[in-house]
Amino acid sequence: MVSYQSAKDEIKRVADIVDLIGQSVKLKKAGRNYVGLCPFHAEKDPSFTVNPERQTFHCYGCKKGGDVFSFWMEYHGSTFPEALRDLAERYQITISEGFSASAEKEKSDKREALFKINEAAAGYFQEVLNHPNKGKPGRDYLNRRSLSEDTIAEFRLGYAPDEWDGLIKALRRNKIDLELAAEAGVVIPKKSGEYYDRFRGRIMFPIFDLRMQVVGFGGRVLDDSLPKYINTPETGIFHKGEFLYGLHSARKAIREKNRAIIVEGYMDCLAVKRHGLEEVVATLGTALTDRHVRKLKGYSKEALVVFDSDAAGKAAVLKSLPIFSNEGQAAKAVVLPDGHDPDSFVTKYGSRRFSELLDQALPMLDFYLDQKLTGGDSDEDKVRSLTDLLPILLEIRSFALRSLYVQRVAEMTGIREQVILFELQKHRKSSSGNRHRGITVPSKVKHRDSDDNHFLNLIIHYPHVLAEIASLEWKVLLSDPLVIEIVDAFFEIYNQETPFSAENLLQNLNSETARQQLREALLLPPFHSGQEAEMAVTDFREQIHQKEISKAIKGLRKQGKIEPETLNRLLKLKARMSVGS
Ligand SMILES: [Zn+2]
(Lines give C-alpha, C1' and ligand atoms only; values in the text may rest on other atoms or scores of the structure.)
Protein backbone atom coordinates (compact mmCIF):
# COMPACT_ATOMS: atom_id res chain seq x y z
CA MET A 1 0.00 0.00 0.00
CA VAL A 2 1.50 3.27 -1.03
CA SER A 3 0.31 6.84 -0.97
CA TYR A 4 -0.91 8.65 -4.01
CA GLN A 5 2.31 10.59 -4.50
CA SER A 6 4.55 7.58 -4.08
CA ALA A 7 2.29 5.54 -6.39
CA LYS A 8 2.96 8.15 -9.04
CA ASP A 9 6.71 7.92 -8.46
CA GLU A 10 6.60 4.15 -8.33
CA ILE A 11 4.79 3.94 -11.68
CA LYS A 12 7.33 6.26 -13.24
CA ARG A 13 10.05 4.01 -11.90
CA VAL A 14 8.71 0.69 -13.15
CA ALA A 15 6.79 1.63 -16.31
CA ASP A 16 8.81 1.66 -19.51
CA ILE A 17 7.37 4.27 -21.83
CA VAL A 18 8.59 2.53 -25.00
CA ASP A 19 6.91 -0.68 -23.93
CA LEU A 20 3.70 1.02 -22.85
CA ILE A 21 3.28 3.21 -25.94
CA GLY A 22 4.52 0.37 -28.13
CA GLN A 23 1.37 -1.56 -27.32
CA SER A 24 -0.77 0.94 -29.16
CA VAL A 25 1.65 2.62 -31.56
CA LYS A 26 4.04 0.86 -33.93
CA LEU A 27 7.46 2.15 -32.89
CA LYS A 28 10.72 1.88 -34.79
CA LYS A 29 14.15 2.54 -33.39
CA ALA A 30 15.74 5.68 -34.79
CA GLY A 31 19.05 6.54 -33.19
CA ARG A 32 18.50 7.05 -29.48
CA ASN A 33 14.76 7.43 -29.93
CA TYR A 34 11.81 5.46 -31.19
CA VAL A 35 9.49 6.91 -33.79
CA GLY A 36 6.02 6.06 -35.05
CA LEU A 37 2.88 7.48 -36.59
CA CYS A 38 1.25 9.84 -34.14
CA PRO A 39 -1.99 8.50 -32.64
CA PHE A 40 -3.18 12.06 -31.96
CA HIS A 41 -3.11 13.72 -35.36
CA ALA A 42 -3.22 12.78 -39.02
CA GLU A 43 0.17 12.06 -40.47
CA LYS A 44 1.87 9.89 -43.05
CA ASP A 45 5.44 10.28 -41.94
CA PRO A 46 6.33 9.55 -38.35
CA SER A 47 6.92 12.63 -36.22
CA PHE A 48 5.87 10.97 -33.00
CA THR A 49 9.01 10.35 -30.97
CA VAL A 50 9.58 8.40 -27.78
CA ASN A 51 12.72 8.97 -25.77
CA PRO A 52 13.64 5.99 -23.58
CA GLU A 53 16.31 7.83 -21.59
CA ARG A 54 14.06 10.60 -20.45
CA GLN A 55 10.95 8.37 -20.56
CA THR A 56 9.06 10.99 -22.50
CA PHE A 57 7.25 11.27 -25.82
CA HIS A 58 6.87 14.21 -28.13
CA CYS A 59 5.12 14.74 -31.43
CA TYR A 60 6.74 17.27 -33.75
CA GLY A 61 3.49 17.49 -35.70
CA CYS A 62 0.82 18.25 -33.10
CA LYS A 63 3.21 19.15 -30.27
CA LYS A 64 1.61 16.75 -27.84
CA GLY A 65 4.03 15.24 -25.41
CA GLY A 66 4.83 14.28 -21.86
CA ASP A 67 5.35 11.22 -19.70
CA VAL A 68 3.54 7.89 -19.32
CA PHE A 69 0.63 9.60 -17.58
CA SER A 70 0.17 12.24 -20.26
CA PHE A 71 0.20 9.53 -22.91
CA TRP A 72 -2.33 7.38 -21.11
CA MET A 73 -4.70 10.29 -20.50
CA GLU A 74 -4.51 11.51 -24.07
CA TYR A 75 -4.81 8.08 -25.63
CA HIS A 76 -7.70 6.87 -23.51
CA GLY A 77 -9.34 10.25 -23.09
CA SER A 78 -9.17 9.81 -19.33
CA THR A 79 -8.46 12.04 -16.37
CA PHE A 80 -5.31 11.96 -14.28
CA PRO A 81 -6.84 10.01 -11.37
CA GLU A 82 -8.10 7.40 -13.85
CA ALA A 83 -4.70 7.16 -15.50
CA LEU A 84 -3.06 6.75 -12.13
CA ARG A 85 -5.55 4.04 -11.16
CA ASP A 86 -5.15 2.19 -14.49
CA LEU A 87 -1.38 2.30 -14.47
CA ALA A 88 -1.17 1.35 -10.81
CA GLU A 89 -3.32 -1.65 -11.61
CA ARG A 90 -1.21 -2.51 -14.60
CA TYR A 91 2.04 -2.44 -12.62
CA GLN A 92 0.43 -3.98 -9.55
CA ILE A 93 0.81 -1.07 -7.22
CA THR A 94 -1.88 -0.64 -4.56
CA ILE A 95 -2.81 2.91 -3.69
CA SER A 96 -3.90 3.54 -0.12
CA GLU A 97 -5.42 6.98 -0.10
CA GLY A 98 -7.89 8.86 -2.27
CA PHE A 99 -7.31 12.10 -4.03
CA SER A 100 -7.85 15.51 -2.61
CA ALA A 101 -10.92 17.34 -3.85
CA SER A 102 -10.35 19.15 -7.10
CA ALA A 103 -12.01 19.83 -10.41
CA GLU A 104 -10.08 16.89 -11.78
CA LYS A 105 -11.41 14.67 -9.05
CA GLU A 106 -14.95 15.81 -9.72
CA LYS A 107 -14.67 15.05 -13.42
CA SER A 108 -13.14 11.71 -12.64
CA ASP A 109 -15.93 10.86 -10.19
CA LYS A 110 -18.54 11.77 -12.77
CA ARG A 111 -17.00 9.50 -15.37
CA GLU A 112 -16.69 6.79 -12.77
CA ALA A 113 -20.42 7.12 -12.04
CA LEU A 114 -21.30 6.85 -15.74
CA PHE A 115 -19.17 3.71 -16.11
CA LYS A 116 -20.92 2.25 -13.08
CA ILE A 117 -24.36 2.88 -14.52
CA ASN A 118 -23.38 1.30 -17.83
CA GLU A 119 -21.99 -1.66 -15.95
CA ALA A 120 -25.22 -2.06 -14.00
CA ALA A 121 -27.25 -1.79 -17.21
CA ALA A 122 -25.05 -4.35 -18.98
CA GLY A 123 -25.51 -6.71 -16.03
CA TYR A 124 -29.24 -6.24 -16.16
CA PHE A 125 -29.48 -6.90 -19.92
CA GLN A 126 -27.42 -10.07 -19.50
CA GLU A 127 -29.64 -11.20 -16.67
CA VAL A 128 -32.75 -10.68 -18.76
CA LEU A 129 -31.28 -12.65 -21.65
CA ASN A 130 -30.77 -15.59 -19.32
CA HIS A 131 -34.24 -15.32 -17.82
CA PRO A 132 -36.33 -18.36 -18.89
CA ASN A 133 -39.37 -16.36 -20.05
CA LYS A 134 -38.32 -12.78 -20.47
CA GLY A 135 -35.13 -13.62 -22.30
CA LYS A 136 -36.63 -16.10 -24.74
CA PRO A 137 -37.15 -13.74 -27.71
CA GLY A 138 -33.55 -12.60 -27.39
CA ARG A 139 -32.12 -16.09 -27.07
CA ASP A 140 -34.18 -17.33 -30.01
CA TYR A 141 -32.89 -14.50 -32.13
CA LEU A 142 -29.24 -15.14 -31.22
CA ASN A 143 -29.68 -18.86 -31.88
CA ARG A 144 -31.13 -18.10 -35.28
CA ARG A 145 -28.08 -15.98 -35.98
CA SER A 146 -25.90 -18.92 -34.85
CA LEU A 147 -24.04 -17.05 -32.15
CA SER A 148 -22.30 -19.38 -29.75
CA GLU A 149 -22.58 -19.29 -25.97
CA ASP A 150 -18.90 -18.35 -25.86
CA THR A 151 -19.33 -15.32 -28.07
CA ILE A 152 -22.45 -14.25 -26.17
CA ALA A 153 -20.52 -14.49 -22.92
CA GLU A 154 -17.32 -12.88 -24.19
CA PHE A 155 -19.11 -9.88 -25.65
CA ARG A 156 -21.61 -9.81 -22.80
CA LEU A 157 -24.59 -9.68 -25.12
CA GLY A 158 -27.92 -9.02 -23.45
CA TYR A 159 -31.57 -8.40 -24.07
CA ALA A 160 -33.65 -5.34 -23.24
CA PRO A 161 -37.24 -6.47 -22.67
CA ASP A 162 -40.04 -4.66 -24.43
CA GLU A 163 -40.94 -2.64 -21.33
CA TRP A 164 -40.86 1.05 -20.46
CA ASP A 165 -39.35 0.62 -17.04
CA GLY A 166 -37.51 -2.72 -16.90
CA LEU A 167 -34.09 -1.12 -16.57
CA ILE A 168 -35.43 1.70 -14.44
CA LYS A 169 -36.64 -0.76 -11.81
CA ALA A 170 -33.27 -2.50 -11.82
CA LEU A 171 -31.42 0.80 -11.46
CA ARG A 172 -33.71 1.81 -8.55
CA ARG A 173 -32.95 -1.48 -6.83
CA ASN A 174 -29.26 -0.62 -7.18
CA LYS A 175 -29.97 2.87 -5.75
CA ILE A 176 -28.78 4.55 -8.90
CA ASP A 177 -29.76 8.16 -9.49
CA LEU A 178 -31.97 8.25 -12.59
CA GLU A 179 -30.85 11.74 -13.51
CA LEU A 180 -27.33 10.36 -13.82
CA ALA A 181 -28.69 7.34 -15.70
CA ALA A 182 -30.17 9.78 -18.20
CA GLU A 183 -26.74 11.38 -18.52
CA ALA A 184 -25.33 7.93 -19.24
CA GLY A 185 -27.95 7.68 -22.00
CA VAL A 186 -29.64 4.48 -20.84
CA VAL A 187 -32.91 6.17 -19.79
CA ILE A 188 -34.74 9.16 -21.24
CA PRO A 189 -36.45 11.90 -19.18
CA LYS A 190 -40.14 12.65 -19.75
CA LYS A 191 -41.66 16.11 -19.48
CA SER A 192 -43.32 15.04 -16.26
CA GLY A 193 -39.94 14.51 -14.61
CA GLU A 194 -40.26 10.73 -14.84
CA TYR A 195 -37.98 8.53 -16.94
CA TYR A 196 -38.36 5.64 -19.38
CA ASP A 197 -35.98 3.00 -20.81
CA ARG A 198 -34.16 4.00 -23.96
CA PHE A 199 -33.67 0.43 -25.19
CA ARG A 200 -36.79 -1.74 -25.50
CA GLY A 201 -37.22 -5.10 -27.21
CA ARG A 202 -33.64 -5.12 -28.48
CA ILE A 203 -30.55 -7.31 -28.44
CA MET A 204 -27.99 -5.35 -26.50
CA PHE A 205 -24.35 -5.02 -27.51
CA PRO A 206 -22.25 -3.39 -24.81
CA ILE A 207 -19.43 -1.28 -26.30
CA PHE A 208 -16.15 -1.59 -24.44
CA ASP A 209 -13.15 0.67 -24.28
CA LEU A 210 -9.68 -0.85 -24.29
CA ARG A 211 -9.86 -1.24 -20.54
CA MET A 212 -12.97 -3.40 -20.87
CA GLN A 213 -15.23 -0.80 -19.31
CA VAL A 214 -18.69 -0.41 -20.83
CA VAL A 215 -18.85 3.02 -22.47
CA GLY A 216 -22.20 2.63 -24.21
CA PHE A 217 -24.58 0.30 -26.02
CA GLY A 218 -25.89 -0.61 -29.40
CA GLY A 219 -29.35 -2.13 -29.50
CA ARG A 220 -30.74 -4.15 -32.40
CA VAL A 221 -34.38 -4.96 -33.07
CA LEU A 222 -35.37 -8.61 -33.48
CA ASP A 223 -37.26 -8.13 -36.73
CA ASP A 224 -36.96 -5.81 -39.69
CA SER A 225 -38.54 -2.80 -38.04
CA LEU A 226 -36.78 0.52 -38.02
CA PRO A 227 -34.56 1.88 -36.74
CA LYS A 228 -32.66 -1.37 -36.92
CA TYR A 229 -30.00 -0.12 -34.52
CA ILE A 230 -29.94 2.55 -31.88
CA ASN A 231 -26.87 3.60 -29.97
CA THR A 232 -26.17 5.38 -26.73
CA PRO A 233 -26.11 9.10 -27.54
CA GLU A 234 -22.94 11.13 -26.99
CA THR A 235 -22.17 11.20 -23.27
CA GLY A 236 -19.24 12.16 -21.08
CA ILE A 237 -17.66 8.78 -21.81
CA PHE A 238 -19.13 7.77 -25.17
CA HIS A 239 -18.23 9.28 -28.51
CA LYS A 240 -19.55 7.43 -31.48
CA GLY A 241 -16.85 8.44 -33.92
CA GLU A 242 -14.16 7.14 -31.66
CA PHE A 243 -14.89 3.59 -30.59
CA LEU A 244 -14.53 0.52 -32.70
CA TYR A 245 -16.65 -2.39 -31.68
CA GLY A 246 -14.60 -5.44 -30.84
CA LEU A 247 -11.20 -3.72 -30.75
CA HIS A 248 -10.56 -4.83 -27.18
CA SER A 249 -10.79 -8.44 -28.30
CA ALA A 250 -9.29 -8.09 -31.79
CA ARG A 251 -6.15 -6.16 -30.90
CA LYS A 252 -3.87 -9.11 -30.51
CA ALA A 253 -5.00 -10.78 -33.73
CA ILE A 254 -4.71 -7.50 -35.67
CA ARG A 255 -1.12 -7.19 -34.57
CA GLU A 256 -0.30 -10.80 -35.33
CA LYS A 257 -1.91 -10.88 -38.77
CA ASN A 258 -0.76 -7.36 -39.52
CA ARG A 259 -4.15 -6.36 -40.86
CA ALA A 260 -7.49 -5.18 -39.55
CA ILE A 261 -10.82 -6.06 -41.11
CA ILE A 262 -13.36 -3.29 -40.73
CA VAL A 263 -17.07 -3.99 -41.07
CA GLU A 264 -20.05 -1.87 -40.31
CA GLY A 265 -22.32 -3.70 -37.89
CA TYR A 266 -22.11 -5.49 -34.57
CA MET A 267 -23.58 -8.70 -35.99
CA ASP A 268 -21.16 -8.57 -38.94
CA CYS A 269 -18.25 -8.25 -36.56
CA LEU A 270 -19.34 -11.21 -34.43
CA ALA A 271 -20.16 -13.38 -37.45
CA VAL A 272 -16.76 -12.82 -39.06
CA LYS A 273 -15.05 -13.47 -35.75
CA ARG A 274 -17.05 -16.65 -35.24
CA HIS A 275 -15.65 -17.91 -38.54
CA GLY A 276 -12.13 -17.63 -37.25
CA LEU A 277 -11.11 -14.23 -38.55
CA GLU A 278 -10.37 -12.67 -35.21
CA GLU A 279 -8.84 -9.45 -36.55
CA VAL A 280 -12.22 -7.84 -37.12
CA VAL A 281 -13.75 -4.65 -35.75
CA ALA A 282 -16.90 -2.68 -36.56
CA THR A 283 -17.67 0.99 -36.78
CA LEU A 284 -20.79 1.54 -34.75
CA GLY A 285 -23.02 1.61 -37.79
CA THR A 286 -21.53 4.98 -38.70
CA ALA A 287 -19.09 6.27 -41.24
CA LEU A 288 -15.45 5.71 -40.56
CA THR A 289 -13.72 8.68 -38.92
CA ASP A 290 -10.10 9.82 -38.63
CA ARG A 291 -10.25 8.94 -34.94
CA HIS A 292 -11.20 5.37 -35.77
CA VAL A 293 -8.23 5.07 -38.07
CA ARG A 294 -5.91 6.63 -35.51
CA LYS A 295 -6.97 4.00 -33.00
CA LEU A 296 -6.17 1.26 -35.50
CA LYS A 297 -3.10 2.37 -37.31
CA GLY A 298 -0.70 1.54 -34.54
CA TYR A 299 -1.47 -2.15 -34.81
CA SER A 300 -1.16 -3.22 -38.38
CA LYS A 301 0.20 -2.52 -41.82
CA GLU A 302 -3.13 -2.32 -43.56
CA ALA A 303 -6.84 -2.06 -43.10
CA LEU A 304 -9.34 -4.01 -45.16
CA VAL A 305 -12.69 -2.35 -45.30
CA VAL A 306 -15.65 -4.54 -46.17
CA PHE A 307 -18.54 -2.57 -47.53
CA ASP A 308 -22.06 -3.58 -48.33
CA SER A 309 -22.80 -3.68 -52.02
CA ASP A 310 -25.45 -0.96 -51.85
CA ALA A 311 -25.01 2.62 -52.95
CA ALA A 312 -24.40 3.77 -49.39
CA GLY A 313 -21.58 1.26 -49.08
CA LYS A 314 -19.91 2.50 -52.23
CA ALA A 315 -20.25 6.11 -51.17
CA ALA A 316 -18.60 5.14 -47.90
CA VAL A 317 -15.55 3.79 -49.76
CA LEU A 318 -15.09 7.13 -51.42
CA LYS A 319 -15.41 9.03 -48.18
CA SER A 320 -12.94 6.86 -46.34
CA LEU A 321 -10.25 7.20 -49.02
CA PRO A 322 -8.87 10.58 -47.85
CA ILE A 323 -9.17 9.55 -44.21
CA PHE A 324 -6.84 6.60 -44.68
CA SER A 325 -4.49 8.59 -46.92
CA ASN A 326 -4.20 11.42 -44.43
CA GLU A 327 -3.54 9.04 -41.57
CA GLY A 328 -0.85 7.20 -43.48
CA GLN A 329 -2.68 3.90 -43.18
CA ALA A 330 -2.71 1.66 -46.22
CA ALA A 331 -6.25 0.55 -46.92
CA LYS A 332 -8.00 -1.79 -49.28
CA ALA A 333 -11.65 -2.20 -50.04
CA VAL A 334 -13.85 -5.20 -50.63
CA VAL A 335 -17.41 -5.08 -51.82
CA LEU A 336 -19.67 -8.03 -51.24
CA PRO A 337 -21.88 -9.53 -53.93
CA ASP A 338 -25.28 -7.93 -54.29
CA GLY A 339 -27.62 -8.33 -51.40
CA HIS A 340 -25.02 -9.53 -48.92
CA ASP A 341 -23.57 -8.08 -45.77
CA PRO A 342 -20.51 -9.66 -44.11
CA ASP A 343 -22.72 -11.63 -41.73
CA SER A 344 -24.92 -13.18 -44.40
CA PHE A 345 -21.99 -13.82 -46.70
CA VAL A 346 -19.72 -15.55 -44.23
CA THR A 347 -22.64 -17.53 -42.83
CA LYS A 348 -23.69 -18.75 -46.27
CA TYR A 349 -20.31 -19.32 -47.91
CA GLY A 350 -17.99 -19.88 -44.97
CA SER A 351 -14.68 -18.36 -44.01
CA ARG A 352 -12.68 -19.68 -46.95
CA ARG A 353 -14.74 -17.86 -49.54
CA PHE A 354 -14.72 -14.79 -47.34
CA SER A 355 -10.93 -14.93 -47.00
CA GLU A 356 -10.59 -15.29 -50.74
CA LEU A 357 -12.65 -12.18 -51.17
CA LEU A 358 -10.40 -10.35 -48.73
CA ASP A 359 -7.32 -11.49 -50.62
CA GLN A 360 -8.71 -9.91 -53.76
CA ALA A 361 -9.20 -6.56 -52.05
CA LEU A 362 -8.07 -3.59 -54.11
CA PRO A 363 -6.34 -0.43 -52.90
CA MET A 364 -9.02 2.17 -52.19
CA LEU A 365 -8.47 4.38 -55.22
CA ASP A 366 -8.22 1.52 -57.70
CA PHE A 367 -11.28 0.03 -56.19
CA TYR A 368 -13.24 3.20 -56.56
CA LEU A 369 -12.18 3.86 -60.13
CA ASP A 370 -12.82 0.26 -60.95
CA GLN A 371 -16.35 0.52 -59.65
CA LYS A 372 -16.98 3.82 -61.32
CA LEU A 373 -15.50 2.94 -64.64
CA THR A 374 -16.91 -0.51 -65.07
CA GLY A 375 -20.37 0.93 -64.47
CA GLY A 376 -20.27 2.44 -67.93
CA ASP A 377 -17.59 3.31 -70.38
CA SER A 378 -19.09 6.43 -71.80
CA ASP A 379 -17.25 9.71 -71.62
CA GLU A 380 -20.07 11.11 -69.51
CA ASP A 381 -19.42 8.40 -66.92
CA LYS A 382 -15.76 9.27 -66.81
CA VAL A 383 -16.47 12.94 -66.39
CA ARG A 384 -19.02 12.15 -63.70
CA SER A 385 -16.57 10.01 -61.77
CA LEU A 386 -13.97 12.75 -62.06
CA THR A 387 -16.45 15.27 -60.67
CA ASP A 388 -17.07 12.96 -57.72
CA LEU A 389 -13.37 12.51 -57.18
CA LEU A 390 -12.31 16.15 -57.20
CA PRO A 391 -13.43 17.02 -53.67
CA ILE A 392 -11.93 13.74 -52.44
CA LEU A 393 -8.57 14.47 -54.07
CA LEU A 394 -8.60 17.93 -52.54
CA GLU A 395 -9.02 16.40 -49.09
CA ILE A 396 -5.72 14.58 -49.42
CA ARG A 397 -3.20 16.79 -47.74
CA SER A 398 0.04 15.44 -49.08
CA PHE A 399 0.81 17.10 -52.40
CA ALA A 400 3.07 14.28 -53.43
CA LEU A 401 0.40 11.67 -52.82
CA ARG A 402 -2.23 13.81 -54.46
CA SER A 403 -0.20 14.29 -57.60
CA LEU A 404 0.40 10.56 -57.69
CA TYR A 405 -3.35 10.00 -57.52
CA VAL A 406 -3.92 12.54 -60.27
CA GLN A 407 -1.52 10.61 -62.45
CA ARG A 408 -3.32 7.35 -61.73
CA VAL A 409 -6.72 8.83 -62.37
CA ALA A 410 -5.40 10.10 -65.68
CA GLU A 411 -4.13 6.66 -66.61
CA MET A 412 -7.32 4.91 -65.67
CA THR A 413 -9.78 7.36 -67.16
CA GLY A 414 -7.83 8.49 -70.16
CA ILE A 415 -8.59 12.05 -69.13
CA ARG A 416 -5.43 14.07 -69.55
CA GLU A 417 -3.51 14.94 -66.40
CA GLN A 418 -3.49 18.58 -67.32
CA VAL A 419 -7.28 18.63 -67.50
CA ILE A 420 -7.59 16.99 -64.11
CA LEU A 421 -5.20 19.51 -62.58
CA PHE A 422 -7.13 22.32 -64.16
CA GLU A 423 -10.43 20.97 -62.86
CA LEU A 424 -8.92 20.56 -59.41
CA GLN A 425 -7.85 24.19 -59.36
CA LYS A 426 -11.26 25.29 -60.52
CA HIS A 427 -12.95 23.17 -57.91
CA ARG A 428 -10.73 24.46 -55.17
CA LYS A 429 -11.46 28.04 -56.09
CA SER A 430 -15.19 27.45 -56.08
CA SER A 431 -15.14 25.68 -52.74
CA SER A 432 -12.26 27.46 -51.05
CA GLY A 433 -12.60 28.93 -47.62
CA ASN A 434 -14.44 26.54 -45.41
CA ARG A 435 -14.19 22.96 -46.59
CA HIS A 436 -10.55 22.32 -47.23
CA ARG A 437 -8.87 23.60 -44.19
CA GLY A 438 -6.41 20.76 -44.45
CA ILE A 439 -4.69 22.20 -47.47
CA THR A 440 -2.22 24.88 -46.69
CA VAL A 441 -1.64 27.57 -49.22
CA PRO A 442 1.57 29.45 -48.56
CA SER A 443 0.61 32.93 -47.47
CA LYS A 444 2.08 36.03 -49.04
CA VAL A 445 3.72 36.94 -45.79
CA LYS A 446 5.62 33.70 -45.75
CA HIS A 447 6.90 33.88 -49.28
CA ARG A 448 10.26 35.43 -48.40
CA ASP A 449 11.58 32.10 -47.30
CA SER A 450 10.49 30.44 -50.48
CA ASP A 451 11.16 32.89 -53.26
CA ASP A 452 11.51 29.91 -55.54
CA ASN A 453 7.98 28.66 -55.10
CA HIS A 454 6.68 32.16 -55.22
CA PHE A 455 8.35 32.76 -58.53
CA LEU A 456 7.15 29.45 -59.92
CA ASN A 457 3.59 30.14 -58.85
CA LEU A 458 3.72 33.52 -60.56
CA ILE A 459 4.78 32.18 -63.94
CA ILE A 460 2.38 29.23 -63.76
CA HIS A 461 -0.62 31.48 -63.33
CA TYR A 462 0.62 34.49 -65.28
CA PRO A 463 2.89 33.09 -68.00
CA HIS A 464 2.79 36.40 -69.86
CA VAL A 465 5.19 37.82 -67.25
CA LEU A 466 7.90 35.67 -68.80
CA ALA A 467 8.23 38.37 -71.44
CA GLU A 468 9.11 40.87 -68.75
CA ILE A 469 11.59 38.62 -67.05
CA ALA A 470 13.15 37.00 -70.11
CA SER A 471 15.94 39.55 -70.50
CA LEU A 472 16.88 39.44 -66.83
CA GLU A 473 19.27 37.21 -64.93
CA TRP A 474 16.35 35.63 -63.07
CA LYS A 475 18.46 32.71 -61.90
CA VAL A 476 20.15 34.85 -59.26
CA LEU A 477 16.85 34.87 -57.36
CA LEU A 478 16.42 31.15 -57.17
CA SER A 479 18.20 28.59 -55.09
CA ASP A 480 16.29 25.37 -55.79
CA PRO A 481 17.83 23.61 -58.80
CA LEU A 482 14.54 21.82 -59.48
CA VAL A 483 12.67 25.11 -59.72
CA ILE A 484 15.40 26.44 -62.01
CA GLU A 485 14.94 23.39 -64.22
CA ILE A 486 11.19 23.99 -64.33
CA VAL A 487 11.52 27.69 -65.09
CA ASP A 488 14.00 26.81 -67.82
CA ALA A 489 11.36 24.53 -69.30
CA PHE A 490 8.93 27.44 -69.24
CA PHE A 491 11.38 29.60 -71.13
CA GLU A 492 12.08 26.86 -73.62
CA ILE A 493 8.41 26.74 -74.53
CA TYR A 494 8.22 30.50 -74.46
CA ASN A 495 11.14 30.78 -76.87
CA GLN A 496 9.62 28.20 -79.20
CA GLU A 497 6.39 30.19 -79.11
CA THR A 498 4.36 27.05 -78.52
CA PRO A 499 1.32 27.31 -76.26
CA PHE A 500 1.78 26.55 -72.57
CA SER A 501 0.25 23.42 -71.18
CA ALA A 502 1.02 21.20 -68.26
CA GLU A 503 1.71 18.42 -70.72
CA ASN A 504 4.22 20.45 -72.72
CA LEU A 505 5.99 21.45 -69.56
CA LEU A 506 6.12 17.96 -68.12
CA GLN A 507 7.55 16.71 -71.39
CA ASN A 508 10.28 19.31 -71.27
CA LEU A 509 11.52 18.17 -67.90
CA ASN A 510 14.20 15.55 -67.61
CA SER A 511 13.99 14.40 -64.04
CA GLU A 512 11.05 12.72 -62.36
CA THR A 513 11.64 14.79 -59.23
CA ALA A 514 11.24 17.98 -61.26
CA ARG A 515 8.05 16.63 -62.79
CA GLN A 516 6.79 15.76 -59.34
CA GLN A 517 7.56 19.26 -58.10
CA LEU A 518 5.83 20.83 -61.07
CA ARG A 519 2.74 18.72 -60.53
CA GLU A 520 2.60 19.89 -56.94
CA ALA A 521 3.10 23.49 -57.98
CA LEU A 522 0.32 23.17 -60.54
CA LEU A 523 -2.06 22.17 -57.76
CA LEU A 524 -1.58 25.42 -55.89
CA PRO A 525 -3.93 28.31 -56.54
CA PRO A 526 -2.39 31.66 -57.55
CA PHE A 527 -0.80 33.52 -54.64
CA HIS A 528 -1.58 36.81 -56.39
CA SER A 529 -4.48 38.58 -57.98
CA GLY A 530 -3.79 39.95 -61.47
CA GLN A 531 -2.88 43.36 -60.10
CA GLU A 532 -0.66 41.92 -57.41
CA ALA A 533 1.06 39.85 -60.06
CA GLU A 534 2.20 43.02 -61.84
CA MET A 535 3.55 44.32 -58.56
CA ALA A 536 5.28 41.05 -57.90
CA VAL A 537 7.02 41.26 -61.26
CA THR A 538 8.27 44.73 -60.43
CA ASP A 539 9.37 43.42 -57.09
CA PHE A 540 11.24 40.52 -58.66
CA ARG A 541 12.86 42.78 -61.21
CA GLU A 542 14.18 45.03 -58.47
CA GLN A 543 15.40 42.14 -56.44
CA ILE A 544 17.28 40.87 -59.46
CA HIS A 545 18.83 44.26 -60.04
CA GLN A 546 19.86 44.55 -56.43
CA LYS A 547 21.46 41.16 -56.47
CA GLU A 548 23.28 42.03 -59.64
CA ILE A 549 24.53 45.27 -58.22
CA SER A 550 25.71 43.56 -55.03
CA LYS A 551 27.48 40.97 -57.11
CA ALA A 552 29.08 43.63 -59.26
CA ILE A 553 30.29 45.57 -56.24
CA LYS A 554 31.70 42.45 -54.69
CA GLY A 555 33.48 41.51 -57.86
CA LEU A 556 34.97 44.94 -58.41
CA ARG A 557 36.08 45.16 -54.78
CA LYS A 558 37.77 41.83 -55.03
CA GLN A 559 39.68 42.94 -58.06
CA GLY A 560 40.47 46.22 -56.35
CA LYS A 561 39.33 47.95 -59.50
CA ILE A 562 36.53 50.03 -58.13
CA GLU A 563 36.75 53.77 -58.04
CA PRO A 564 35.18 55.48 -55.04
CA GLU A 565 32.91 57.43 -57.33
CA THR A 566 31.50 54.32 -59.06
CA LEU A 567 31.08 52.57 -55.75
CA ASN A 568 29.10 55.47 -54.35
CA ARG A 569 26.91 55.59 -57.40
CA LEU A 570 26.15 51.91 -57.17
CA LEU A 571 25.45 52.00 -53.45
CA LYS A 572 23.13 54.95 -53.88
CA LEU A 573 21.31 53.17 -56.67
CA LYS A 574 20.95 50.13 -54.53
CA ALA A 575 19.66 52.13 -51.55
CA ARG A 576 17.12 53.93 -53.71
CA MET A 577 15.82 50.66 -55.01
CA SER A 578 15.27 49.15 -51.58
CA VAL A 579 13.35 52.27 -50.51
CA GLY A 580 11.20 52.01 -53.59
CA SER A 581 10.42 48.36 -53.16
ZN1 LIG B 1 0.95 14.31 -33.33
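**Close-up views of a predicted model**

View 1. Lysine 63 sits in the loop that links β4 (56–59) and β5. Although lysine 63 is not a glycine, its phi is positive, at about 70°. A word on names: helices (H or I, at least four residues) and strands (E, at least two) are DSSP runs, numbered from the N terminus. This is a predicted model, in which local features need pLDDT of at least 70 and side-chain atom pairs count only at pLDDT 80 or more, while totals for chains, interfaces and linings use all residues. Residues are numbered from 1 along each chain as its sequence is written, and side-chain values use heavy atoms, with hydrogens and water left out.

**View 2. An open sheet of 5 strands.** Follow the order β1-β2-β3-β4-β5, with antiparallel pairing; two strands pair if DSSP finds at least two bridges between them. At the edges are β1 (28–30) and β5 (65–66), each of which pairs on one side only. Between β1 and strand β2 (residues 33–36) there are 3 bridges in the antiparallel sense. Here you can find alanine 30 opposite asparagine 33 in β2.

**View 3. Helices α13 and α16 packed together.** Helix α13 (residues 311–327) meets helix α16 (residues 379–395) at an angle of about 20°, and their axes are 9 Å apart. Axes are lines fitted to C-alpha atoms, for helices over the stretch in contact, and angles run from 0 to 180 degrees between N-to-C directions. From α13, Leu318, Leu321, Pro322 and Asn326 meet Asp388, Leu389, Ile392 and Glu395 of α16, where contact means heavy atoms within 4.5 Å.

View 4. You will find proline 227 in the loop between β10 (214–221) and β11 (229–231).

**View 5. Confidence along the chain.** The predictor's confidence in each residue is its pLDDT, from 0 to 100. The chain averages 84, and 92% of the residues score at least 70. Among the elements of the chain, strand β6 (residues 158–160) has the highest mean pLDDT (98) and helix α25 (residues 564–580) the lowest (66). Over residues 433–449, pLDDT stays under 50, and the model has 23 contacts beyond four places in sequence for this stretch.
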